[in-house]
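Please walk through the fold of this protein chain, from its loops to its sheet and its cores. The sequence and the model are shown here.

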Amino acid sequence: MPMESLLDRFFTRFAKRSIILHRGFPDGYFTELLKEPGGAGHFRVDLRIPASQPPSPMDWVVHRHILPLQLPVPLLVKVDEDCLYLRHLLHGDKAGHPNEILWMMDSIRERYHYRLQRQGPSFLAEPGMAVEDNRIDYDFYNAP
């Protein structure tokens, strides 16, 4: 299957959605995530499960384009019509509380670690804020 077809299928299925890539959640994290508004609406991909062969559109994007960036997980992926915004969910070495995800989503187009812009049959990776910077800007939309 041509790579462009995998990319097209990925965007057809996941545009305007969010994905959380993880290697298992800390105790109680998933329960708290489901309590949050929209928390059950995030697609969750467990990276401990090997990619399918041949790769699904999700596997192709995750394993070929996102994981090589070596960002910490859990990782939030916001899928727009033609690009992906990536931001990890860690504070230090611990995952932040799931209620921070909505705050991150509000500003993810301005505060991301990487943006993957669709370019032909692939992506152009554009770095954003430093990986060490994962502060939540609670006043992002409240500034004068």
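Where is the place of Gln70? Gln70 lies in the loop between H3 and E3, where helices (H or I, at least four residues) and strands (E, at least two) are DSSP runs numbered from the N terminus. The model is predicted, so local features need pLDDT of at least 70 and side-chain atom pairs count only at pLDDT 80 or more, while totals for chains, interfaces and linings use all residues. Residues are numbered from 1 along each chain as its sequence is written, and side-chain values use heavy atoms, with hydrogens and water left out.

Phi of Gln70 is positive, near 55°, in a residue other than glycine. Most residues other than glycine have a negative phi, and most peptide bonds are trans. At 71% relative accessibility Gln70 counts as exposed; the classes are buried for under 20% relative accessible area, exposed for over 50%, and partly exposed in between (1.4 Å probe, protein chains only). Lys16 is exposed, with a relative accessible area of 63%.

Two peptide bonds come next. Val73 and Pro74 are joined by a cis peptide bond with omega of about 10°, and Pro74 belongs to the loop between H3 and E3. The bond from Gln53 to Pro54 is cis as well, with omega near 0°; Pro54 sits in the loop between E2 and H3.

The sheet is open and holds six strands in the order E2-E1-E3-E4-E7-E8, with mixed pairing; two strands pair if DSSP finds at least two bridges between them. Strand E2 (43–46) and E8 stand at the edges, each with a single partner strand, so one side of each has no neighbour in the sheet. From one strand to the next the twist averages 25°. Helix H4 (residues 100–107) packs on the sheet, where it touches strands E1 (17–22), E3 (75–79) and E4 (83–88), and its direction makes about 45° with that of E3. Axes are lines fitted to C-alpha atoms, for helices over the stretch in contact, and angles run from 0 to 180 degrees between N-to-C directions; contact means heavy atoms within 4.5 Å.

Strands E7 (residues 114–119) and E8 (residues 122–127) run antiparallel and are joined by six bridges. They form a hairpin with two residues between them, and Gly120 in the turn has a positive phi of about 60°. Gln119 stands opposite Ser122, and Tyr114 stands opposite Pro127. In the segment after E8 is Gly128, which counts as partly exposed at 39% relative accessibility. The C-alpha atoms of Gly128 and Tyr114 are separated by 5.2 Å, though the two are 14 residues apart along the chain.

Of the residues in helix H3 (57–66), eight of 10 are buried, including Trp60, Val61 and Ile66. Ile66 is also one of the residues with the most contacts inside the largest nonpolar core, which has 25 residues. A nonpolar core is a set of buried Ala, Val, Leu, Ile, Met, Phe, Trp, Tyr and Cys residues joined through side-chain atoms within 4.5 Å. The elements giving two or more residues to this core are helix H1 (3–14), E1, H3, E3, E4 and E7. Apart from it lies another core, of 13 residues, among them Leu33, Leu76, Met105 and Ile108.
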